[in-house]
Amino acid sequence: MTDQVRAALAALSDLREKDLSAQGVMVLEGRIVIQKAISLGIEILLLVCSTESGAPWLSEDSAGFPILRMDHAEICSLVGFKFHHGAVALARRPVIRPAEPGLGFSSYLCLWNVTDPSNVGALLRSAAGLGVQAVLLGPGCADPFYRKALRASMGNALSLPLFSCDAEGMKALGDSGVEFAAATLSERSIPLEVFIARRRRSRRASAPLALVLGNEGFGLPGEVASLCRGEVVIPMEGGTDSLNVVVAGAILMYGLFRRR
């Protein structure tokens, strides 16, 4: 066993809430996420798969990275919880660059203080399937490369262009022509269908559009909402005032981006 494999096994041990971002690595759980990473050329440092699963999708002869096979109980003991995905890998973490004018995308999802990794991952999965070309990650957001976020994203966190973006970055993008639409429950919010119709009729219908989603409990700070050219809401019935951020985000992305 090489030193690299020993170090990777140490990183994969007792995972639970382990944060490996400072080490520049990330944990990939399950065939779908691992295959996505491999297809994108992400460096795999070690792959551990269960002898029971057999991993027929994996060709050891052409893998180009170390592979260890363990029985299911050994993998559970290694990671520190009941593991049901058949394979786990340690990989080199991509770098998230700051957003700046001139990125060249026409549709963005901007997340602000979305703290739950599973919510971030699910939103990225929806974004990939509903026409979003790039994602802006504001302050307070969960790490998109944390294992729970990667798993919830079905690996799409690895394929979408991700950028960090604070209020100053939003202003710079707005000044360069990107229109930000904030999802809010304020009195200024426009129902989704009305927002779409108005935008289609406007002279800026073809301008790049960014949907901004905030924290489920607190929404968007006033300084962020003030940087947006409009506010949009999903009309609700039955006395319900709002939806989970993942559900609301998917509906809004479908309306704003799938029809562009």
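Patches are made of residues with over 30% relative accessible area and no salt bridge, where like charges are joined within 9 Å and nonpolar side chains (Val, Leu, Ile, Met, Phe, Trp, Tyr) within 5 Å. The accessible areas themselves come from the Shrake-Rupley method with a 1.4 Å probe, and for residues only the protein chains shown count as cover. In this structure, Leu243, Val247 and Ile251 make a nonpolar surface patch of about 210 Å². Ile251 sits in helix H10 (helices, H or I, have at least four residues and strands, E, at least two; both are DSSP runs numbered from the N terminus). With a relative accessibility of 34%, Ile251 counts as partly exposed (buried means under 20% relative accessible area, exposed over 50%, and partly exposed in between, with a 1.4 Å probe and protein chains only).

A word on the source: this is a predicted model, in which local features need pLDDT of at least 70 and side-chain atom pairs count only at pLDDT 80 or more, while totals for chains, interfaces and linings use all residues. Residues are numbered from 1 along each chain as its sequence is written, and side-chain values use heavy atoms, with hydrogens and water left out.

Next come the salt bridges. Side chains of opposite charge can pair when their charged atoms come close. Here a salt bridge is a side-chain nitrogen of Lys or Arg within 4 Å of a carboxyl oxygen of Asp or Glu, and by this rule the count comes to 11. One of them joins Arg92 to Glu43, with 3.4 Å between the closest N and O atoms. Arg92 belongs to strand E4 (residues 87-92) and Glu43 to the loop between helix H2 (31-39) and strand E2 (44-50), so this pair ties together parts that are 49 residues apart in sequence. Both partners are partly exposed, Arg92 at 38% relative accessibility and Glu43 at 42%.

Arg229 lies in the loop between H9 and E12, so its pairing with Glu179 in strand E9 ties together parts that are 50 residues apart in sequence. Glu179 is buried, with a relative accessible area of 10%, whereas Arg229 is exposed, at 61%. Arg199 is buried as well. Glu179, Arg199, Arg204 and Arg229 are linked in a network of salt bridges.

On a 1 Å grid over the protein atoms alone, a cavity is a set of points where a 1.4 Å probe fits but cannot get out, and a pocket is an open set with protein on both sides within 12 Å along at least five of seven lines; lining residues have an atom within 4 Å of a point. Grid points are joined across faces, edges and corners, and a volume is the space filled by probe spheres set on the points.

The largest pocket holds about 460 Å³ of space. Its lining has 27 residues, and Ala183, Thr184, Leu185, Asn215 and Ser242 lie nearest its centre. Helix H9 (222-225), strand E12 (230-233) and helix H10 (245-257) each give this lining at least two residues. Its make-up is 15 nonpolar, eight polar and four charged residues (Ala, Val, Leu, Ile, Met, Phe, Trp, Tyr, Cys and Pro count as nonpolar, Asp, Glu, Lys and Arg as charged, and the others, Gly among them, as polar).

The second largest pocket has a volume of about 250 Å³. Among its 14 lining residues, Glu179, Phe195, Arg199, Ser202 and Arg229 are the closest to its centre. Strand E9 (179-183), helix H8 (192-201) and E12 each supply at least two residues of this lining, which divides into five nonpolar, two polar and seven charged.

There is also one cavity of 30 Å³ or more, and the largest cavity holds about 90 Å³. Residues lining the largest cavity include Lys18, Asp19, Phe145 and Tyr146. E1 gives the largest share of this lining, three residues.
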